[in-house]
Amino acid sequence: MKRFKVTLLAISVVLAILGYHDLRTFFNNPEPLPVTLSELERDGAAREWLRIVDGTLDLEQAINPTGRVETFETGPFFVPVTGQSGSGQIRVVVETWRPEVINTLKEYVLEFDTAEAQQAFLKQNLDAFHPKTEITGMTASWLTSTANRDKLLQLAKEQNMPVGEDVIFISEGKVPGKFRGFFFATIALLGILKFIQLIIRK
């Protein structure tokens with residue numbers, strides 16, 4: 001019984017922490033915060049949910065995080081977000097599942113047998129490799145997103161990409177969780193009340 005009570009309390013505390021994080025993120029982000037790329041690079045992410053209004057994706061430096069061919073069918077890819085110059089250290093990277101990104105990279109990597117053919121395709125489709133676009137998503141701040149950011153840093157280092165340790169990693173399309181936070185908090189509260197009940201009965 002003692003082990004059960006300890007386990008119950010530990011699980012409840014973990015769920016309470018997860019619930020608190022999700023609810024705090026939800027209430028702090030009623031809508032995506034509009035920000036320019038230069039502001040984001042200069043000041044960092046003021047909130048978790050962002051909308052970059054003037055981003056340019058750099059598909060030439062896109063990373064396949066799994067290293068598998070299947071990624072070219074479903075994604076995601078880690079793609080640097082650059083400004084007008086498109087040069088210098090990479091400060092912002094987006095995890096994206098955009099069909100047009102996946103299709104462009106799939107054709108570039110899988111459809112040509114020589115580097116010369118790939119370069120010719122690249123020169124003919126520069127706009128597709130450097131699309132100007134708005135990007136909306138969540139910054140890496142917890143669990144899976146942070147793990148993906150760590151994976152990005154590892155892969156960038158292996159490929160000698162100019163990505164700094166303070167890179168801002170954004171998961172495109174992700175929104176603040178609402179119901180999961182309330183669910184975790186509710187289960188945590190019930191667990192703690194049950195723990196208190198067991199202590200009192202003893």
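This report looks at aromatic pairs and salt bridges in a predicted model.

## About the model

Because the structure is a predicted model, local features are reported only where pLDDT is at least 70 and side-chain atom pairs count only at pLDDT 80 or more, whereas totals for chains, interfaces and linings use all residues. Residues are numbered from 1 along each chain as its sequence is written, and side-chain values use heavy atoms, with hydrogens and water left out.

## Aromatic pairs

The structure holds 8 aromatic pairs, a pair being two rings of Phe, Tyr or Trp (its six-membered ring) whose centres lie within 6.5 Å, with planes under 30 degrees apart counted as stacked, over 60 as edge-to-face and the rest as tilted. One of them joins F72 and F77, whose ring centres are 5.3 Å apart and whose planes stand at 55 degrees, so this pair is tilted. Both of these residues are buried, a word that means under 20% relative accessible area, while exposed means over 50% and partly exposed lies in between (1.4 Å probe, protein chains only).

The rings of F112 and F121 also form a pair, and since their centres are 5.2 Å apart and their planes are at 40 degrees, this pair is tilted. F112 is partly exposed, at 23% relative accessibility, whereas F121 is buried, at 9%. These two residues belong, together with Y108 and F129, to one aromatic cluster.

A search of the whole structure finds 8 salt bridges, where a salt bridge is a side-chain nitrogen of Lys or Arg within 4 Å of a carboxyl oxygen of Asp or Glu. In one of these, the side chains of D22 and R180 meet with an N to O distance of 2.6 Å. D22 lies in helix α1 (residues 2-28) and R180 in helix α8 (residues 179-201), so the bridge ties together parts that are 158 residues apart in sequence; such helices are DSSP runs (H or I, at least four residues), as strands are (E, at least two), numbered from the N terminus. D22 is buried, at 6% relative accessibility, but R180 is partly exposed, at 47%.

Another salt bridge links R24 and E48, at 3.5 Å from N to O. R24 lies in helix α1 and E48 in the loop between α2 (37-43) and β2 (49-57), so the pair ties together parts that are 24 residues apart in sequence. Here R24 is partly exposed, at 30%, and E48 is buried, at 13%.

## A salt-bridge network

R98 and E100 form a salt bridge in which the closest N and O atoms are 3.9 Å apart. Salt bridges that share partners join R98, E100 and E172 into one network. Within it, R98 is buried, at 14% relative accessibility, while E100 is partly exposed, at 46%.
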